[in-house]
Amino acid sequence: MGGAVADEGPTGITAPDGGWGWAVLFGCFVITGFSYAFPKAVSVFFKELMREFGIGYSDTAWISSILLAMLYGTGPLCSVCVNRFGCRPVMLVGGLFASLGMVAASFCRSVIQVYLTTGVITGLGLALNFQPSLIMLNRYFNKRRPMANGLAAAGSPVFLCALSPLGQLLQDHYGWRGGFLILGGLLLNCCVCAALMRPLAARPGVVTGPQQSSRRLLDLSVFRDRGFVIYAVAASVMVLGLFVPPVFVVSYAKDMGVPDTKAAFLLTILGFIDIFARPAAGFITGLKKVRPYSVYLFSFAMFFNGFTDLTGSTASDYGGLVVFCIFFGISYGMVGALQFEVLMAIVGTQKFSSAIGLVLLLEAVAVLIGPPSGGKLLDATHVYKYVFILAGAEVLTSSLILLLGNCFCIGRRPQKLQPGAAAAEEEKLHKPPADVGVDSREVEHFLKAEPEKNGEVVHTPETSV
């Protein structure tokens, strides 16, 4: 392969919105599926792990929490690695880490060792794949970006539909150790997806932006953008409760006396609905009349998700949990399809690689304490209703933060002129008044006095983006 190709994040290179971008979209689809479905699919093994190590709900919930915390908390590290080495090399290393963690977990003799292998090593590997794949996707698509994000996000429910029953099947035939070993082998497919992430190359004659040597490895200036700050706060509160219901819904059904296979089917139902919800949300957001209001649509998606949690807390039988999973799948799919599209709409393409890393870091603490706090509440009360109410209240709060922040802060930011309007404004400023004559000798004198500026465009750090 030769040396690693540095990923320039090329300014001045138009996103192809197709071509090899479809291969990149497929790779992102698979990576997103593994990254988000794995922490939920692992919950199928929780009952066996509890019997093996003699632990409770909150102890097993830490496995999913550490996985998600590594996926989120290593965001700045991923941003630095991508800006330094490029997306493809980082993803190749991440695929090896993800597989190694699950293989090592199959030999663990304590739950602490499972935390370190499945949680830390596999979580780090998935993080090194997930964030670079999103960066590449957003470089290959511009006009079709909402649709591309929606299709890539659909990887999560597709893989959840497959991994949840697969995990149950592997557990029944090979035990949790054999299941972890086989899943570790499946994660090597992340390396195949990494090979698809071909860096964009500038066309002959196209002048690109600043070279790698002048780029920051982590751009902290995004914190000056109040829109980014509001988004980060809202997203951090949201993830406190967003992942709690999928983690506990299978155990909830099992405690009702539902057979294990039938209980695991709940995640399949949720994932099946989610498959269609994410591309549909991406397609709707991509419409010209809807795209300017994507922040409001994202806020509504969070409100819908929180309200679903509150109503799902009243479920008393398997049928009620099925209805809950249907509506949760719709709302969860909307959130998954819109979250990164809205972030890019707020910060722009050039700062996205740093912004997503910082957002994921801020969300990491919330992800780490979300499911375990639900497990503690369940251990104390033995009532699933309270767990779902807590999760719903947290997601509802996040929707209000984003809605009010957008109304009073984000929505009132000075609007940037469109390219056509900017050109017209520039022409108006430089056009001489109709009643003022222009002496040809003055023009000739001006051109001779400053020949170095004639016909050139002066770039500043503010206008070179």
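The model you are looking at is predicted. The protein has 465 residues, and 52% of them count as buried. Its secondary structure consists of 18 helices and zero strands.

**Around Arg145**

- Arg145 is part of helix H7, which covers residues 145-153.
- Leaving aside neighbours within four places in sequence, Arg145 is in contact with Asn138, Arg291, Glu341, Met344 and Ala345.
- Gly286 is 141 residues away from Arg145 in sequence, yet the two C-alpha atoms are 7.6 Å apart in space.

**Contacts across the sequence**

- Take the contacts between residues at least 6 apart in sequence: 88% of these join residues at least 24 apart.

**The largest nonpolar core**

- The largest nonpolar core holds 129 residues, and the members touching the most others are Phe34, Phe38, Tyr72, Phe243, Phe298 and Leu343.
- Helix H14 (residues 318-347) supplies the largest share of this core, with 16 residues.
- Both domain 1 (16-199) and domain 2 (221-411) contribute to this core, with at least three residues from each.

**Helices H2 and H3**

- Two packed helices are described by the angle between their axes and the distance between the axes.
- For helix H2 (residues 46-53) and helix H3 (residues 57-73), the axes come within 10 Å and cross at roughly 125 degrees.
- That angle makes H2 oblique to H3, and the crossing of the pair is right-handed.
- On the H2 side, Phe46, Lys47, Leu49 and Met50 take part in the contacts, and they meet Tyr57, Thr60, Ala61, Ile63 and Ser64 of H3.

**Helices H4 and H6**

- The axes of helix H4 (residues 75-85) and helix H6 (residues 111-140) come within 9 Å, with a crossing angle of roughly 60 degrees.
- H4 is therefore oblique to H6, and their crossing is right-handed.
- From H4, the residues involved are Gly75, Leu77, Cys78, Ser79 and Val82, which meet Leu124, Ala127, Leu128, Gln131, Pro132 and Ile135 in H6.

Definitions and conventions. Residues are numbered from 1 along each chain as its sequence is written. This is a predicted model: local features need pLDDT of at least 70, side-chain atom pairs count only at pLDDT 80 or more; totals for chains, interfaces and linings use all residues. Side-chain values use heavy atoms; hydrogens and water are left out. A nonpolar core is a set of buried Ala, Val, Leu, Ile, Met, Phe, Trp, Tyr and Cys residues joined through side-chain atoms within 4.5 Å. Buried means under 20% relative accessible area, exposed over 50%, partly exposed in between (1.4 Å probe, protein chains only). Helices (H or I, at least four residues) and strands (E, at least two) are DSSP runs, numbered from the N terminus. Domain bounds come from an automatic or database domain assignment. Axes are lines fitted to C-alpha atoms, for helices over the stretch in contact, and angles run from 0 to 180 degrees between N-to-C directions. Angles under 35 degrees count as roughly parallel, over 145 as roughly antiparallel, 65 to 115 as roughly perpendicular and the rest as oblique. A crossing is left-handed if the near helix is turned anticlockwise from the far one by less than a right angle, and right-handed if clockwise. Contact means heavy atoms within 4.5 Å.
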